[in-house]
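Colleague: I'm new to this one. Could you take me through the aromatic pairs and then the core, in one go?

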Amino acid sequence: MQAWRVHENGEPGEVMQCDEADRPTPGDGQLLLKVRAANVNFPDALLCRGTYQIRPPLPFTPGVEVCGETEDGRRVIATCALPHGGFAEYALADAATVLPAPEALDDAEAAALHIGYQTAVFGLHRRAALKEGETLLVHAAAGGVGSAAVQIGKATGATVIGVVGGPEKAAAARALGCDVVVDRRAEDVVAAVKAATGGRGVDVVFDPVGGDAYTQSTKVVAFEGRIVVVGFASGTIPAPALNHALVKNYSVLGLHWGLYNLKDPAAILRCHETLTEYAAKGLVKPLVSERVPFAGAADAVQRVADGVTTGRLVVLPAGAAS
């Protein structure tokens, strides 16, 4: 089979190469999946660089999230069991992580539903307890996980303020349903958010960026507000001043969605059932901005790593429906 593999760590565009490889053999508790679509995630870039929490043995195939087909013909979504990731014709997944693909979504959309949307639901509903009528600020609102947070926030009944970089991403954020869009390249984020909230600030912040975005969040979070730390796409990990959290009376909440696979897998199934219902009602629909031919996988991962994409890039194997 054809598979994109990493033989040494580095930038995705440099170290991912398309190889002829053996079809993987499932181990105990695993399933072989024929890949129908593989969503590109920021962790795929970190895996290539060797800076992710998990470091699979070299060589490995990145691609942590797929829509695939089981050997008995079921259409499913799953997180892949590395080193046999989704940028290949076949991938492996632990059977316990395999979920039915929502009928309301096509293969590319289904591949993009799982990790980002689960992260948004767990971050906003479980960690931050976002309520109807509250105000939510989403950094990188037109990105992969940010766009999911915008849709989950709107489905919850929140007013959503999206922070983006550039006019193209601002247009995408508005199309996703943001009530207010702030272009950080053209506006002062803190001043714009305070103006939009009448000086009150926001109840919940969803932050997959870190760095300056986190600092801005601390300046606009309201009394008893909650900042959900999801990741550090900026490359800078903040060092929170806890005296500031004490003085302003806000909470800083961490979210590592993958831990729920170990600590509370039943919660992941419940979340998937909620997302499937949302998809059927049209409340969520992954923003797939590009359906990438298999030959373009390395370039797609590099572009996501560089932060120049809008929505989701999904890699389609040869012969897959576009």
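This is a predicted model: local features need pLDDT of at least 70, side-chain atom pairs count only at pLDDT 80 or more; totals for chains, interfaces and linings use all residues.

**Aromatic pairs and the core**

Modeller: The largest nonpolar core has 84 residues, and the members touching the most others are Met-16, Leu-136 and Ile-152. There's also a second, separate core of 17 residues, with Val-205, Tyr-214, Val-220 and Ala-245 among them. Take Leu-136: setting aside neighbours within four places in sequence, Leu-136 is in contact with residues including Leu-124, Ala-149, Val-160, Ile-161 and Phe-206.

Now for the rings. Searching the whole structure turns up two aromatic pairs. One of them is Trp-4 with Phe-294, a tilted pair with 6.4 Å centre to centre and 55° between the planes. Trp-4 sits in strand E1 (residues 2-6), while Phe-294 is in the loop between strand E14 (288-293) and helix H12 (297-305), so this pair ties together parts that are 290 residues apart in sequence. Are these two buried or exposed? Trp-4 counts as buried because its relative accessibility is 9%, under the 20% cut-off. Phe-294, at 12%, counts as buried too.

The other pair is Phe-122 with Tyr-260: their ring centres are 4.3 Å apart and their planes are at 35°, so that pair is tilted. Phe-122 belongs to helix H4 (residues 114-127) and Tyr-260 to helix H10 (residues 259-263), so to speak linking distant parts of the chain, 138 residues apart. Both Phe-122 and Tyr-260 are buried.

Definitions and conventions:
Residues are numbered from 1 along each chain as its sequence is written. Side-chain values use heavy atoms; hydrogens and water are left out. A nonpolar core is a set of buried Ala, Val, Leu, Ile, Met, Phe, Trp, Tyr and Cys residues joined through side-chain atoms within 4.5 Å. Buried means under 20% relative accessible area, exposed over 50%, partly exposed in between (1.4 Å probe, protein chains only). Contact means heavy atoms within 4.5 Å. Rings of Phe, Tyr and Trp (its six-membered ring) pair if their centres lie within 6.5 Å; planes under 30 degrees apart count as stacked, over 60 as edge-to-face and the rest as tilted. Helices (H or I, at least four residues) and strands (E, at least two) are DSSP runs, numbered from the N terminus.
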